[in-house]
Amino acid sequence: MIEVNHSKIKETNRKKIIALLLKKNEITKLDISRILDISITTVSTNITELKSEGIVEDVRSLESTGGRKAIAIKLNENCRYSIGVALTPNHIKISLVNIKKKVIESMRVRHNSDGIENIINLLNENIDLLMKKYNLCSANLLGIGISLPGTVDFKEGIIKYSYLLGAKDFNLKEKFEYLDIPVYVDNEANLSAYYEFLNKRDILRNLLYVSITEGLGLGIIINGKIYRGDNNSSGELGHTKIAIDGKKCKCGARGCLEAYTSMNSLIDSYNEANSSNISDIDEFEERYNQNDKDAHDVLNDYLKTLSLGLSNLVMIFDPSSIVIGGDINNLLNDKIDMLKKEVYKDNLFTNENNCSISIASFKESYLLGAAMMPIEEFLEIK
Ligand SMILES: [Zn+2]
């Protein structure tokens, strides 16, 4: 038992030192000892170990104020990497990130939407290329995080159901077993929420992320953790109902919020109003920016419906932060105040000052969230 506690303390000290090195550009052992309140002997032992693993390196001798020169050390930011992957209905997106969370390389490959097996074969080929290019192996690659639209069994790495990818009960994790590294599979809204939360974790504990893409998802962070539900199916905001016998949803049911608020539904509404035939959000944005009246009217109606969904969230969760992100980001820039007013207009319990409704910092937060999973797991003190 004593042995177990001893190795746990050792592990904790090591992680604390790495976490401090990630924050500082360079630092002396003495300062590490002072800041973390760990004995200088323990710091030295750890640093020797970290050096032998290539995680830490000497910088130079700092000017000393007398006596012996102090050697500064720093973290070798390319000592460990992580790969973030996002599977979307038309693309595979891959980002290689180093331990300092810097994006080293990003790739975007179009797939043929010809079944999950083929999509994963294409993904494997591209990951193998990336691993060769950067000499990645189980020693320097902390893991792969994979984001996708749909429900997943996070523990087992199984896609439970993703109609956008045409996958059901598909074991994704096992496709990467040959790499011998940790693999994390999660829903895109969860990972976006996670990424936004990591950037704000010093100031808040709870956050909701509404992901608006081909579908409508919700990521829920409670007390700093992703809330997944007892059956891994939380956050299916898109399939909450707002109308009886309403519009048909891609899931097969009628009246789902997603049928009115996905990006496809925005485009469909515009095509109907304008007798047009645009096919993607960029074209819609273009027309909106050219002050096309139909584009403005359709977006206003769209936001009113979206506000119903957001208002329901506010009523249920009473959150202090809702982040909205995805393909809608650019369109929301000058509409966020209007949206806030709509969300709170019939709320007798709280008001708009109680909750920040903001636009996500990136369109593809889910991809970076996926890449952060292995890094955070590596750094987490348990
Ligand atoms: Zn639905």
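**Pockets, cysteines and rings**

Tutor: Helix H7 gives the most to the lining of the second largest pocket, with 3 residues. Before we go on, this is a predicted model: local features need pLDDT of at least 70, side-chain atom pairs count only at pLDDT 80 or more, and totals for chains, interfaces and linings use all residues. Residues are numbered from 1 along each chain as its sequence is written, and side-chain values use heavy atoms, with hydrogens and water left out.

Student: What makes a residue part of the lining of a pocket?

Tutor: A lining residue has an atom within 4 Å of a pocket point; on a 1 Å grid over the protein atoms alone, a pocket is an open set of points where a 1.4 Å probe fits, with protein on both sides within 12 Å along at least five of seven lines. The second largest pocket is lined by 20 residues, and Asn90, Arg108, Glu214, Ile281 and Asp327 lie nearest its centre. Its volume, the space filled by probe spheres set on the points, is about 550 Å³.

Student: Which helices and strands supply at least two residues each to that lining of the second largest pocket?

Tutor: They are strand E5 (91-98), strand E6 (103-110), helix H7 (263-274) and helix H8 (281-289). Helices here are DSSP runs of H or I with at least four residues, and strands are runs of E with at least two, numbered from the N terminus.

Student: How are the residues of this lining of the second largest pocket divided by class?

Tutor: There are 4 nonpolar, 6 polar and 10 charged residues. Asp, Glu, Lys and Arg count as charged, Ala, Val, Leu, Ile, Met, Phe, Trp, Tyr, Cys and Pro as nonpolar, and the others, Gly among them, as polar.

Student: And what is the volume of the largest pocket?

Tutor: The largest pocket has a volume of about 930 Å³. Its lining has 28 residues, and the largest share, 5 residues, comes from H1.

Student: Why is Cys79 in no disulfide?

Tutor: A disulfide is a pair of cysteine sulfur atoms within 2.5 Å, and the structure holds 0 of them. For Cys79, the nearest cysteine sulfur, that of Cys137, is 12 Å away, so Cys79 is in no disulfide.

Student: Why is Cys79 called buried?

Tutor: Buried means under 20% relative accessible area, exposed over 50%, and partly exposed in between (1.4 Å probe, protein chains only). Cys79 has 7% relative accessibility, so Cys79 counts as buried. Cys249, at 6%, is buried too.

Student: What makes Asn135 exposed, then?

Tutor: Its relative accessible area is 62%, so Asn135 is exposed. Asn135 is found in the loop between H4 and strand E7 (141-148), and has a positive phi of about 50 degrees although it is not a glycine.

Student: How do you know that Tyr270 and Phe284 are edge-to-face?

Tutor: Rings of Phe, Tyr and Trp (its six-membered ring) pair if their centres lie within 6.5 Å; planes under 30 degrees apart count as stacked, over 60 as edge-to-face and the rest as tilted. Tyr270 and Phe284 are 5.5 Å centre to centre with 90 degrees between the planes, so the pair is edge-to-face. Tyr270 is in helix H7 and Phe284 in helix H8, 14 residues apart. At 0% relative accessibility, Tyr270 counts as buried, and Phe284, at 0%, counts as buried too.
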